[in-house]
Amino acid sequence: MALTTIDGAACAKCKFFDTEASGESLGLCRYNPPIGQANGDAAGVWPKVEASDWCGHFEPANA
Ligand code: SF4
């Protein structure tokens, strides 16, 4: 279910949304660096977000 957003913000339209590794409706947010894992041996992970998610760091992909 899509949430009501401010000015139509949505991860799907954000320049930090990366679907290459995850698919059409689920993507990675590239706004921040990967998050390290507790054991320190595994590679850090990028936050997974739905295309209909959004946050206050939204920037239009075509801006
Ligand atoms: S979580 Fe925020 S910064 Fe990341 S892709 Fe979505 S709107 Fe953009």
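This is a predicted model: local features need pLDDT of at least 70, side-chain atom pairs count only at pLDDT 80 or more; totals for chains, interfaces and linings use all residues.
Residues are numbered from 1 along each chain as its sequence is written, and side-chain values use heavy atoms, with hydrogens and water left out. The protein has three strands and zero helices, and its C-alpha atoms fill a box of roughly 40 × 20 × 20 Å along the principal axes.

**Strands and sheet**

- From the N terminus on, the elements simply go β-β-β; helices (H or I, at least four residues) and strands (E, at least two) are DSSP runs, numbered from the N terminus.
- The three strands make an open, antiparallel sheet in the order β1-β2-β3, where pairing takes at least two DSSP bridges between two strands.
- At the edges sit β1 (17-18) and β3 (48-50), each pairing on one side only.
- Two bridges tie β1 to β2 (residues 26-29), and D18 has L28 in β2 as its bridge partner.

**Ligand and pocket**

- Around the ligand you'll find C11, C14, F16, F17, C29, Y31, W54, C55, H57 and F58; a residue is near a molecule if one of its heavy atoms lies within 4 Å of it.
- That shell counts nine nonpolar residues, one polar and no charged, with Ala, Val, Leu, Ile, Met, Phe, Trp, Tyr, Cys and Pro as nonpolar, Asp, Glu, Lys and Arg as charged, and the others, Gly among them, as polar.
- The ligand sits in the largest pocket, meaning that more than half of its atoms lie within 2 Å of the pocket's grid points.
- A pocket here is an open set of points on a 1 Å grid over the protein atoms alone, where a 1.4 Å probe fits, with protein on both sides within 12 Å along at least five of seven lines; lining residues have an atom within 4 Å of a point.
- The largest pocket has a volume of about 190 Å³, which is the space filled by probe spheres set on the points.
- Its lining has 14 residues, with C11, C29, V49, W54 and C55 nearest the centre; by class, that makes twelve nonpolar, two polar and no charged.

**Aromatic pair**

- There is one aromatic pair in the structure, counted when ring centres of Phe, Tyr or Trp (its six-membered ring) lie within 6.5 Å.
- The F16 and Y31 rings have centres 5.1 Å apart and planes at 85 degrees, so the pair is edge-to-face; planes over 60 degrees apart count that way, under 30 as stacked and the rest as tilted.
- This pair links distant parts of the chain, 15 residues apart: F16 is in the segment before β1 and Y31 in the loop between β2 and β3.
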